[in-house]
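Look at the model below before reading on. The report then takes up a few of its parts in turn.

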Amino acid sequence: MTELESSAARQYSPDSTHTNDSSYPIYVVVGTGPVGVRCAQKLLEFCDEAQIVIYGAEIESPYNRVKLSQYLSRHVDREELDNPILGKSDHRLAEYIDRKVVAIDRAKRTVTDAEGNIQPYTKLILATGSNPTIPKIPGADLPSVYPFRSLRNTNDLIDLRERHADICVIGAGALGLEAATALKTPKNTVTLQSRGKLLSGLLGEEGEEFLQSSLSALGVQLRVGDVLESIEQTGEKSTLFFGNGETLRVDAIVLCTGIQPEVTLAQQNGLETDRGIIVNEWMQTSDPDIYAIGECAEYDRKVYQLVRPGYEQAESCCSHIRRNHGGEILERPYSGSYTDIQLKIAHIPCAIIGDVASNNLEQQENMWSHVYRNRFKGIYRRLFIRDGIILGAVYIGSWDEAVNLRQAVAQEEKVSQRALKHFESEGRLFAKQPANNIKSFPDSYLVCQCNSVSKGELCKAISDGKRTLNELQQATTAGSVCGSCRPLMAELLDAPVPNLVMRHAKGILITSTVSLLLIVLAILMPVPPVSESVQSGLFWEKLWYDNFWKQVTGYSILVLCLFTAALSVRKRWKKLSAGHMDHWRYAHSLIGVIALATLSVHTGFRLGQNLNLALMLVFLGVTATGSLVGVFMARNHHWTDLRLREHRKWWSRVHYALLWALPVLLAYHILAVYYF
């Protein structure tokens, strides 16, 4: 613990009458969730003289609960959940983990933790978050019923999935949809139950139909509109009873039924509350020395269940506190947030952007709806337009214009009728831009819209030694909210996003390694002796010297070389799009191993002389460089050093250069065998 533990966080008996007589301000943050951590970081940045104390009730160090669904679905590793305070090494910061704050003394301006320690404060920020809502139905408290809110909950659900337990997920919001698809395995059944529509009906009837089809294709069974009345447990199985008289037997039940703001501390100390803790535009509660941010705060009768509003509230709160240090207010007062929803259901992107359906927009005056649909690809896109301005959009399936669309909605951009007609026929709203690499963008370009992180900030972090996506995220906060900017971050790193690493990476690594070993054997193995008599000759010698088998192996090598060349054609001929490129790469590496084995039979591990020697060296060089490229590609998501990427590019160039010489030498070799 830092030296602040002995100064700003002294221990007192519960009946102490200590008051804060410190010469420096002490800002206490209650809550180590993403919003609490962001607040502590901003206070360290804004207030040079202040001491910052942060309390967390969970036993784990701060982690990013926003990514728990991605962790459950195996899109991120446990290490990528870590969310340390950027200024953690600062001597002005004291961090208390597993130290729940149980009391506030507003008169003395102190907080007391569960161990009886008393901490004075100048300003207090409550970032206590929320608790999962437990439906008031019989059996909701049974051991087989699991909430989905914390890291501990998520690890419990991972255990269920590993046991291939049959599961019913209750709740069809974003969390329920992501949980249902993440828990599905080939050996279990997952049922998604909701008394209302998917995503609260924000997709519209047709959009919901598309999403239901996608979920069914993933193997998730749906019970939308069914009312759950009770849960009973018999042995290891649980039975759900529905209002229509039907039942469902499962091993476990997962609750994704919403949240309840954690307002216990506020209520105990007389702060004004409703559903959440009532705050003003600077996030001050009814006590001007106490602030509330995140899911526990209620502004303008709204409680936000997303992390981005919490980050914006932290900015306004910390900017207001900054005035105590004579600094200017950097941010505008809080005025509400966009409630965009962006989720990924297995591999299917789904988003709700802007103001879409809360007031049934399509029935308002001058409101028009434009739809593009492609049932074969499972793509559904809908725009809401009023007076030529894009107010909102929903989409299911990938959309490469999503970033432009989000910006257009935020800035209330106008769109032409011609563009709308093109959208309805082709699915594209904006003129197709030439493919630009993020490296060509100016340093001021905002890569992470959620956290306002520019390309220049990311480049500086990379130059300071941040060489992985996780390190870059922790250093800059980029990619910690919705994650849509992670591919751009990966481009800056010259590394692929971990969950977008090429398929068959392990197989390509193994075949490439085997190829390299065969090449080493071909070069280093001594030339096998020739038998003195035909009668005593080995079977291998007959393969090496018999004219028939020489032709079989020779032409086999030629055919295999043609097959390997197909990858180059697949890459460059746009009309040839059959099969994923990674499948072609894997086949390419397998054929390379087979070609090397056939070559050893054809030559008897002899390099030859003159033209034969040149042909062998070029062939081995082509295969060796190709194998090295395969190793670099397969290990790329683990080896993210920029120099490794440069090695891959260099060996690729050598590989292509040698390939030009190979067909010429092969043709001359065949000609020499038959005509000379």
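Predicted model: local features only at pLDDT ≥ 70, side-chain atom pairs only at ≥ 80, totals over all residues.

Residues are numbered from 1 along each chain as its sequence is written, and side-chain values use heavy atoms, with hydrogens and water left out.

Helix 6 (residues 204–217) has 14 residues and spans 20 Å from its first C-alpha to its last, close to the 20 Å expected at 1.5 Å a residue. Gly204, Gly207, Glu208, Phe210, Leu211, Ser214 and Leu215 of helix 6 are buried (under 20% relative accessible area, with a 1.4 Å probe and protein chains only). They lie on the same side of helix 6, because they cover an arc of only 155 degrees around the axis, taken from the directions from the helix axis to the C-beta atoms. An α-helix has 3.6 residues a turn, so residues three or four places apart point the same way. Glu205 and Ala217 are exposed on the other side of helix 6 (over 50% relative accessible area). Just after helix 6, glycine 219 has a positive phi of about 95 degrees.

Two residues elsewhere can be set side by side.

Partly exposed lies between the two cut-offs, 20% and 50%. The side chain of glutamine 193 reaches the backbone oxygen of aspartate 226 at 2.6 Å.

Technical notes:
Helix = DSSP H or I, 4+ residues; strand = E, 2+ residues; numbered from the N terminus. Expected span 1.5 Å × (residues − 1). Polar contact = N/O pair within 3.5 Å; in protein donor to acceptor, adjacent residues only side chain to side chain.
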